[in-house]
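This report describes the fold of one chain and its contact with a partner chain. The sequence and structure come first, and the description follows.

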Amino acid sequence: MSDSPAMSDSIDDEFAAHALTQDSGDHRWAFGTGFTDALEGVDTTLPAGVDGAALGAYCLMLGDDALIYSHRLQQWMTRAPELEEETALGNIALDLLGQARMLLARAGRADGTDRDEDALAFFRDDKDFRNVRLVERADADFAELIARLLVFSTWRLAQFDRLTTSKDPVLAAIAAKGVKELTYHRDYAARWVMRLGDGTELSHRRMQAAMDNLWPLVDELFHTQQTESALPGVAVQAETLRAEVDVVLDTVLATATLNRPAAAPLACVRGRYGRDGLHTEAFGYILAELQSVARAHPDATW
Amino acid sequence: MVMPTVSARSIAEQVPDPELPMVSLADLGILRDVQQQGDAVTVTITPTYSGCPAMREISHDLRHRLRQAGFADVRVRTELSPPWSSDWITDVGRAKLEAAGIAPPHPAGSRPPGPIPLSLGRSQHPVACPRCRSVRTVETSRFSGTACKSLYRCQDCREPFEYVKEI
């Protein structure tokens with residue numbers, strides 16, 4: 001090193017000094033691998049008049065949507081067409097995982113069961129997951145990835161934007177953070193839909209096919225749940241999101257020279273949908289991958 | 001029993017961010033509050049993004065440095081609201097980022113009422129290259145090595161660089 005260190009040297013020094021001040025080297029091998037509470041120090045007292053069980057069930061829905069979809073996005077790591085896209089997808093998945101952690105932590109506290117985020121993510125069976133079926137299937141290609149990301153982020157952004165005024169201050173705070181993130185996610189997806197839809201004949205055809213394939217899963221996003229109705233002022237009734245989501249999707253589709261698909265909604269089974277614990281075949285494979293290590297070594301620490 | 005001789009705030013303020021070690025927690029605006037009573041201290045921090053993986057590391061660092069300075073009882077709490085904004089990065093923090101080759105963010109401003117508008121075009125604000133100052137730069141990705149940055153390339157000096165996104 002020279003007498004007047006270059007900038008990169010001073011950064012290295014800072015890194016080194018930082019590393020040396022650690023009380024134990026164990027936690028340094030990777031960030032965030034410890035099981036800490038995502039809501040550490042946040043006041044999680046239930047607001048007066050809010051039904052804790054219903055609030056827990058509602059946070060579970062929102063948390064499960066993000067958890068499962070984040071997992072699907074993570075499966076694109078090392079498979080994305082370019083490094084820039086992989087970085088984007090990794091960051092989007094990370095934002096959603098962060099939202100999921102806080103929502104699951106809120107759920108386990110609000111419903112009185114005191115289950116932490118890990119108990120909820122790793123030790124529930126498929127019928128106890130409350131995510132919509134849209135987040136379950138694997139993407140067959142990049143167009144399918146982008147189609148679902150557009151629909152999911154448009155819908156979730158509209159939902160979270162309403163939740164910023166929720167009577168539950170924790171949910172409102174989680175939503176306010178999420179809105180900023182989801183705005184970037186939606187813009188990213190919308191730009192890709194435009195590029196592919198209004199691109200070559202081949203990219204247009206595949207983008208349209210991806211939208212057509214996705215469409216049967218979209219209707220379910222707007223089914224109002226009893227849980228939502230049981231939480232006036234706290235939760236958002238899903239059906240009220242449809243107009244706003246439609247405007248955005250129609251704008252993007254028109255700009256991308258794509259047709260709005262007309263496919264019929266995917267049927268339910270005896271009145272049950274994803275939110276009721278009824279899931280598609282793909283869901284079992286996700287849970288197996290997500291949960292198998294935690295279940296094989298339930299007491300493991302690292 | 002040795003009582004701390006330095007204020008808890010001055011110690012907490014100097015803790016570097018694990019992912020952007022050229023700036024401190026205070027520079028980034030993620031240090032929200034420090035309450036000191038005798039040798040007990042409560043530090044409040046806020047995450048930049050929901051999934052920020054550095055929060056645990058930051059919490060460890062704060063605890064460790066404050067204990068070393070003589071604070072026996074250190075608590076680190078998270079505060080989610082109001083959500084972090086890149087507008088909270090101090091002028092000193094912005095200068096440090098730029099000196100390290102990372103372009104500091106434009107003002108995030110406040111959003112107009114009504115639904116959040118789609119942004120389908122390029123950013124309207126040019127981002128100056130932190131190396132050669134040219135504004136002939138292009139965004140190559142809205143996302144980069146960490147959630148809080150995007151990736152740019154300078155068309156004059158041809159170097160890639162990162163830009164802290166406005167949120």
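## Strand pairing in chain B

Strands β5(B) and β6(B), the latter covering residues 149-154 of chain B, run antiparallel and are joined by four bridges. Within this pairing, E139(B) has Y152(B) of β6(B) as its bridge partner. The model is a predicted one.

Both strands belong to an open sheet of four strands with mixed pairing, in the order β4-β7-β6-β5 (chain B). Its edges are formed by β4 (102-103) and β5 (137-141) of chain B, each of which pairs on one side only.

Further pairings involve β1(B), β2(B) and β3(B). Strand β1 of chain B, residues 31-37, is antiparallel to β2(B), whereas β2(B) and β3 of chain B, residues 73-78, are parallel.

| Strand pair | Sense | Bridges |
|---|---|---|
| β1(B) and β2(B) | antiparallel | six bridges |
| β2(B) and β3(B) | parallel | six bridges |
| β5(B) and β6(B) | antiparallel | four bridges |

Opposite V41(B) in β2(B) stands Q36(B). The hairpin of β1(B) and β2(B) has two residues between the strands, and G38(B) there adopts a positive phi near 65 degrees. To pass from β2(B) to β3(B), the chain crosses through helix α3 of chain B, residues 55-68, in a right-handed β-α-β crossover.

Which residues form the covered face of β2(B)? They are V41(B), V43(B) and I45(B), while A40(B), T42(B) and T44(B) form the uncovered face of this strand, which comprises residues 40-45. In a regular strand, side chains alternate between the two faces of the sheet.

## Chain B as a whole

Chain B contains four helices and seven strands, arranged from the N terminus as α-α-β-β-α-β-α-β-β-β-β. Its C-alpha trace spans about 60 × 40 × 25 Å along the principal axes. Of the 167 residues in chain B, 43% are buried. Among contacts in chain B with a separation of 6 or more, 55% are between residues 24 or more positions apart.

## Contact with chain A

At the interface, 49 residues of chain A are in contact with 36 residues of chain B. On the side of chain A that touches chain B, two or more residues come from each of α1 (7-20), α3 (83-110), α5 (142-163), α6 (169-197) and α9 (242-255) of chain A. The largest share, 16 residues, is supplied by α6(A). By class, this side of chain A has 20 nonpolar, 16 polar and 13 charged residues.

Terms used: Residues are numbered from 1 along each chain as its sequence is written. Chains are lettered from A and ligands numbered from 1 in the order in which they are written. This is a predicted model: local features need pLDDT of at least 70, side-chain atom pairs count only at pLDDT 80 or more; totals for chains, interfaces and linings use all residues. A residue is buried if 20 or more other C-beta atoms lie within 10 Å of its own, exposed if 12 or fewer, and partly exposed in between; C-beta atoms are placed from the backbone. Two residues are in contact if their C-beta atoms, placed from the backbone, lie within 7 Å. Two strands pair if DSSP finds at least two bridges between them. Ala, Val, Leu, Ile, Met, Phe, Trp, Tyr, Cys and Pro count as nonpolar, Asp, Glu, Lys and Arg as charged, and the others, Gly among them, as polar. A crossover is right-handed if, with the strands pointing away from the viewer, the path from the first strand over the helix to the second runs clockwise.
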